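Subject: Structure handover

Hello,

The structure we talked about is below, with the sequence. My notes on it follow.

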Amino acid sequence: MKILVAVKRVIDYNVQVRVKEDGTGVVTDNVKMSTNPPDDNAIEEAVKIKEAGKATEIVAVTVGEEKAQETVRKALAVGADRGIHVKVDGIVEPLAVSKILQKIADKEKPDLIFMGKQAIDDDCNQTGQMLAALLNWPQATFASKIEVKDKMLEVTREVDEGLETIEVNVPAIVTCDLRLNEPRYASLPNIMKAKKKPIEQINSSDLGIDTKPRIEQIKVEEPPKRKAGIKVANVAELVEKLKNEAKVI
Amino acid sequence: MSREVMEYDVVVVGGGPSGLSTAIKLKQLNPDVSVCLLEKASEIGAHILSGNVFETRALDELFPNWKELNAPVKTKVNKEKFLFLGKSKSLSWPTWLLPKVQHNHNNYIISLANLCRWLAEQAEGLGIEIFPGFPASEVLYNEDGSVKGIATQDMGLDKEGNKKDSFEPGIELHAKVTVFAEGCRGHLGKELIKKYDLDKGKDPQQYGIGFKEIWEIKEEKHEEGLVMHTAGWPLDKSTYGGSFVYHAANKQVFLGYVIGLDYKNPHLSPFDEFQRFKTHPSIKPIIEGGKRISYGARALIEGGLQSLPKMYMPGALLVGCNAGTLNTPKIKGSHTAMKSGMIAAETIIDHLKENKNLSSYEDRFKKSWVHEELHAARNVKPSFSWGLILGIIFTGIDQILFRGKLPFTLKHKHADHETLKLAKEMPKIEYPKPDNVITFDKTSSVYLTGTNHAEDQPVHLQLKDKDLPIKYTLEKFAEPAQRYCPVGVYEIQNENNQEKFVINSQNCIHCKTCDIKEPSQNINWVTPEGGGGPKYGNM
């Protein structure tokens, strides 16, 4: 079985994101970038499946600017076998990413495609679902447990009501939740070895995909500052304030 | 337990200006030398914090074509000011009356973090293996007592030190020469100085704590290229310190404060002095209407030549601020750190080729312009132990009339952890509450540093005696860790009428102040898991 894992380069989750003064986006200069956290879970799961002898090859793929390669390199350092970097500059929307991944899937013919359930920068949570539609494959989203059975996966999903367990036939798309596993650290020798693993570079235009944004972004603003809370003396006052000041009851 | 071993000709510990310059110079001199550089931050530059007005002398030597190579050294200093601050007034001191070492007209306002990132790119281009996210946690020794190399930190241990599922053992890096470039108060450097008695016959080392904030200010208030320093308020006359205000590119102002860690009053809070400083009528208008976008702090080394330890030992060298090459009156250490690394590289190449003794490092260092600078600068810092006024008068005579050539050398008498007086003998200081516009609290400040440490890991701020803070330090010194820590790692909490010393180690920004200032030297800073700590941008 061959697993394709999609990874995205995003602003590191520890960084306090700052809106550009002109409202055209967020500041990315001199900002620490990392792999989208649930994408790390996707890679980890693929590596675990391979270590269990149930997969033969892991290919890590990313879509983005030149430096996005770093995320593929990191995937290679924790166990992916080779990488693909589809080069696109500027904003790439989930639909464009799905179309690119579709092309890559056509070429690579993986049995499984893993990725994070959503990216922490735009929070779209769309790429996996759109890719499933484009490929006409079954999908299992928000996976917190994956069991590989013969030509089939048993996937536990994190849903609002609790946990849902479903079965999907292979080939399938799985989007991964943070609860799926604990990603391993890349060891120094493995980072060295990863430098020698191949990363194929492709231009998105060579795939014939138009990555022009379909959504017009009007303005990016910081959320309003939360006001300080107040202390109330008793329940009666609380009810009174909720009714007359906050007007929520 | 046997660990994996990797061998190199040279291993460099630390990806700051000195470490990167060492590595680069080695490869420039001999491309066949194998060099590996470790950095504890998640990426090069993420733990770098500095003013910084940069003198290009060392960079000119390392990369004569740095301009063509697009080094992030662009904003030339075009105007200088020096202010003495009173509580509400200020006196502008003519720059021609400042000692020559404080003239900056050929210098640049830079982000040292960005310069390091650029140096790292050059280094990788030369074939140097750079590994960010891997702290060197342990020195390895040969049987003959020489340094064999280092081991990296184990990853994936829980609070009690048990292996988690993600456990990844550290590995050993063996080298013919190991270069320690950890910066001020490096924890391995500290061990080596002690083990090899490198500071024998030297004065105790002197330190300061430096704060820095980056503000985006209003266009009409921004004067790109302006460098301003202040002395005086809010510090009293017996406390050494001052501020910097650098107008960098993109409407940014690098605003900071340095306080000598030889301060005496345990009630003093360096963080609050810095916050209070910003409310001065000469400072507040600059940042009013602007926005604070970054915050950070780092200890810096100020002892100079008198405190500079021996910089070589069997199998290893100390470079940059890990030894202490900062030029205090110049308020600059980047160029001297870089040069010390370059000299180290020359020494190592000779050592590898002709087996020349590493002690030649000291001879080369003594013949270099770094030594000349530090020699001329040596008497400034100790003279301020007589207080601000006498310090200034002496410095005027020493630096302007004699250009640092007075025929005697003043001594540093005390280590910084020895200078605190008893809490009951010293006045309490009432600091104004933060207004969240110009001044802030520690919580909102640490938030801007992007600091994180994996939650479930051994505490990297180790107490030699865990009862000492409550039993002794609290009573005698009102536990000053609560105040000298710039991000509030240390707290005294009251639980059921029992006082408890709490260490919020996940907030630690690796400034090392606690390791320096703790009156009983009870706190030992060791490396946490790799990649932890602040994620500074263009600090």
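In chain B, α7 passes α8 in a right-handed crossing. The helices in question are α7(B), residues 334-354, and α8(B), residues 360-367; their axes come within 9 Å and cross at roughly 140°. That angle makes α7(B) oblique to α8(B). On the α7(B) side the contact is formed by S340(B), I343(B), A344(B), E346(B), T347(B) and D350(B), and on the α8(B) side by S360(B), Y361(B), R364(B) and F365(B). Sorted by class, this contact has 4 nonpolar, 3 polar and 3 charged residues. Please keep in mind throughout that this is a predicted model.

Helix α7(B) also meets helix α1(B), residues 17-29; here the axes come within 7 Å and cross at roughly 35°. This crossing, too, is right-handed. From α1(B) the contact takes in P17(B), S18(B), G19(B), S21(B), T22(B), K25(B), L26(B) and L29(B), while the α7(B) residues include S334(B), A337(B), M338(B), S340(B), A344(B), E346(B) and I349(B). The contact of α1(B) with α7(B) has 10 nonpolar, 7 polar and 2 charged residues.

Chain B has an open sheet of 7 strands with mixed pairing, in the order β6-β5-β15-β16-β17-β14-β18. Strands β6 and β18 (291-301) of chain B are at the edges with a single partner strand each, so one side of each has no neighbour in the sheet. Ignoring direction, neighbouring strands of this sheet are turned by 20° against each other on average. Helix α5(B), residues 270-277, packs on the sheet and touches β14 (207-216), β16 and β17 (252-260) of chain B; the direction of α5(B) makes about 135° with that of β17(B).

β5(B), residues 79-85, and β6(B), residues 90-93, run antiparallel and are joined by 4 bridges. A hairpin through 4 residues connects β5(B) to β6(B), and L85(B) stands opposite S90(B) in β6(B). β15(B), residues 226-232, and β16(B), residues 241-247, are also antiparallel, with 4 bridges. T230(B) has S243(B) as its bridge partner in β16(B). The loop between β15 and β16 of chain B contains P234(B), and the peptide bond joining W233(B) and P234(B) is cis, with omega about 5°.

The sheet in chain A

Chain A has an open sheet of 9 strands in the order β9-β8-β7-β10-β6-β1-β4-β5-β11, again with mixed pairing. Its edge strands are β9 and β11 (199-203) of chain A, each of which pairs on one side only. From one strand to the next the twist averages 30°.

Within this sheet, β6(A) and β10(A) run parallel and are joined by 5 bridges; F114(A) has V174(A) as its bridge partner in β10(A). Helix α1(A), residues 37-51, lies across β1 (2-7), β4 (57-64), β6, β7 (139-149) and β10 of chain A, at about 145° to β6(A). Helix α4(A), residues 127-135, lies across β6, β7 and β10 of chain A, at about 70° to β7(A).

Backbone points in chain A

Most residues other than glycine have a negative phi, and most peptide bonds are trans. K109(A) is not a glycine, yet has a positive phi of about 50°; K109(A) sits in the loop between α3 (94-108) and β6 (112-116) of chain A. The peptide bond from V170(A) to P171(A) is cis, with omega near 5°, and P171(A) lies in the loop between β9 (162-169) and β10 (172-176) of chain A.

Between the chains

Where the two chains meet, 15 residues of chain A are in contact with 23 residues of chain B. The chain A side has 6 nonpolar, 4 polar and 5 charged residues.

Regards

Definitions and conventions:
Residues are numbered from 1 along each chain as its sequence is written. Chains are lettered from A and ligands numbered from 1 in the order in which they are written. This is a predicted model: local features need pLDDT of at least 70, side-chain atom pairs count only at pLDDT 80 or more; totals for chains, interfaces and linings use all residues. Axes are lines fitted to C-alpha atoms, for helices over the stretch in contact, and angles run from 0 to 180 degrees between N-to-C directions. Helices (H or I, at least four residues) and strands (E, at least two) are DSSP runs, numbered from the N terminus. Angles under 35 degrees count as roughly parallel, over 145 as roughly antiparallel, 65 to 115 as roughly perpendicular and the rest as oblique. A crossing is left-handed if the near helix is turned anticlockwise from the far one by less than a right angle, and right-handed if clockwise. Two residues are in contact if their C-beta atoms, placed from the backbone, lie within 7 Å. Ala, Val, Leu, Ile, Met, Phe, Trp, Tyr, Cys and Pro count as nonpolar, Asp, Glu, Lys and Arg as charged, and the others, Gly among them, as polar. Two strands pair if DSSP finds at least two bridges between them.
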